Amino acid sequence: MSDIPFTLDQLRILKAIAAEGSFKRAADTLYVSQPAVSLQVQNLEKQLNVPLFDRGGRKAQLTEAGHLLLSYGEKIITLCQETCRAIEDLQNLQGGTLIVGASQTTGTYLLPRMIGLFRQKYPDVAVQLQVHSTRRTSWGVANGQVDLAIIGGEVPGELQDTLKIIPYAEDELALILPIDHPFAQVEKVQKEDLYRLNFISLDAQSTIRKVIDKVLTRCDIDTKRLTIEMELNSIEAIKNAVQAGLGAAFVSITAIEKEVKMGEVYVAALEEIQVKRTLSVIINPNRYRSKAAEAFIQEVLPEFSTYPQELSLDHFSSSPNVLKEVVNDVAKA
């Protein structure tokens, strides 16, 4: 093939169809007509001389060739986006975009303050905050769709060699009680007393619940002995239930600062136990990092960190030759 047999628009259409599972929904997301999408796919298959979709089922399923093209197409699209952002950087932070990722608790309660501080310094930079599970956030950083992220869970094992994981802050999981609870009158709650409480928690399958259970287990608290009175679907719902006197809960201390100041919940001290987890910053050192991301790392991250010594620029070193990496991948295929 002397000429490149596809365009960026065709790669974007392929990606949209794969994500949406149908030509019609892909057309809707791209704001084009379905016939236009179908024509582009037909042209692409003709240019490559291979079928990209199995048209036998109701859902648009990629063939083996389609999966291969999608895999490299996503890399090409990401590299093009990085190129545009690098060109935007020539304006010296008078524009551009910063994309920050976070897991649920950090994204809801910590990142808005950090982004607020950044926007005060760089009001012309557009900031996007993407809040997802730790797993999805980690993949976003690995794929170059997110500049950096702060997470509270564990990075998936398959990404631990790809991403740089930097300890960032200690996040205490506080035991909160209704203001008029009998334990609000004692100086410290004994570990055995936890098994006499009725707890409100997130659903057992939620990522945050699993993280909290893992931290409690590390602190020698038998989570199987805890009485779960009620399962709710958000931290805000749990806080409201505790305020209403329905039970106790373990939540991140960052999530209850307002309620503590207003005297709406009681934070109990535990005898000889401090329940903490480590928040981490994750980056992909092999992806292009914009000036906006550099400014966020140097000027905002240290303001909220309990591990400032870990935030030296050496820990954020990056490899600029991403294009060479993609070309080598293609050559090996």
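1. Helices (H or I, at least four residues) and strands (E, at least two) are DSSP runs, numbered from the N terminus. With that in hand, look just after helix 7, where Gly-144 takes a positive phi of about 80 degrees.

2. A word on where this comes from. The model is predicted, so local features need pLDDT of at least 70 and side-chain atom pairs count only at pLDDT 80 or more, while totals for chains, interfaces and linings use all residues. Residues are numbered from 1 along each chain as its sequence is written, and side-chain values use heavy atoms, with hydrogens and water left out.

3. Now the overall picture. The protein chain has 12 helices and 11 strands, and its C-alpha atoms fill a box of roughly 80 × 50 × 35 Å, taken along the principal axes. Of the 333 residues, 44% are buried; buried means under 20% relative accessible area, exposed means over 50%, and partly exposed is in between (1.4 Å probe, protein chains only). Contact means heavy atoms within 4.5 Å. Among contacts with a separation of 6 or more, 74% are between residues 24 or more positions apart.

4. Next, the cores. A nonpolar core is a set of buried Ala, Val, Leu, Ile, Met, Phe, Trp, Tyr and Cys residues joined through side-chain atoms within 4.5 Å. The largest one here has 37 residues, and those with the most contacts inside it are Leu-175, Leu-194, Phe-250 and Val-275. Strand 6 (164-177), strand 7 (198-202), helix 8 (207-218), helix 9 (235-243) and strand 9 (249-252) each give two or more residues to this core. Apart from it lies another core, of 26 residues, including Val-100, Phe-118, Ala-293 and Leu-301. As background, nonpolar side chains tend to be buried together in soluble globular proteins.

5. Which residues does Leu-194 touch, leaving aside its neighbours within four places in sequence? They are Leu-175, Val-189, Phe-199, Ile-221, Leu-226, Phe-250 and Leu-270.

6. Back to helix 7 (residues 134-142). Its buried residues include Thr-134, Thr-137, Ser-138, Gly-140, Val-141 and Ala-142. Strand 3 (97-102), strand 5 (148-151) and strand 11 are among the elements that cover the buried residues of helix 7. Thr-78, in helix 4 (residues 64-88), touches Gly-144 as well as Asn-143 and Arg-287, not counting residues up to four places away in sequence. Is Thr-78 buried or exposed? Thr-78 counts as buried because its relative accessible area is 5%.

7. Two packed helices are described by the angle between their axes and the distance between the axes. The axes of helix 6 (residues 111-121) and helix 11 come within 10 Å and cross at roughly 125 degrees. Axes are lines fitted to C-alpha atoms, for helices over the stretch in contact, and angles run from 0 to 180 degrees between N-to-C directions. Helix 6 and helix 11 are therefore oblique to each other: angles under 35 degrees count as roughly parallel, over 145 as roughly antiparallel, 65 to 115 as roughly perpendicular and the rest as oblique. On the helix 6 side, the residues that meet helix 11 include Leu-111, Met-114 and Phe-118; on the helix 11 side, their partners include Ala-292, Phe-296 and Phe-304.

8. Helix 2 (residues 23-30) and helix 3 (residues 34-48) are another pair, with axes that come within 8 Å and cross at roughly 110 degrees. That angle is why they count as roughly perpendicular to each other. Phe-23, Lys-24 and Ala-27 of helix 2 make the contact with Gln-34, Val-37, Ser-38 and Val-41 of helix 3.

9. Have a look at Ser-290, in the loop between strand 11 (276-283) and helix 11 (291-304). Ser-290 is buried, at 2% relative accessibility. A polar atom of the Ser-290 side chain lies 3.1 Å from the backbone nitrogen of Ala-293.

10. Where can you find a positive phi on a residue that is not a glycine? Asp-220 has one of about 65 degrees; Asp-220 sits in the loop between helix 8 and strand 8 (227-232) and is exposed, with a relative accessible area of 58%. Glu-272 has one of about 60 degrees; Glu-272 lies in the loop between strand 10 (266-268) and strand 11 and counts as exposed at 76% relative accessibility.

Terms used
A polar contact is a pair of N or O atoms within 3.5 Å; within protein, one must be able to donate a hydrogen and the other to accept it, and residues adjacent in sequence count only if both atoms are side-chain atoms.
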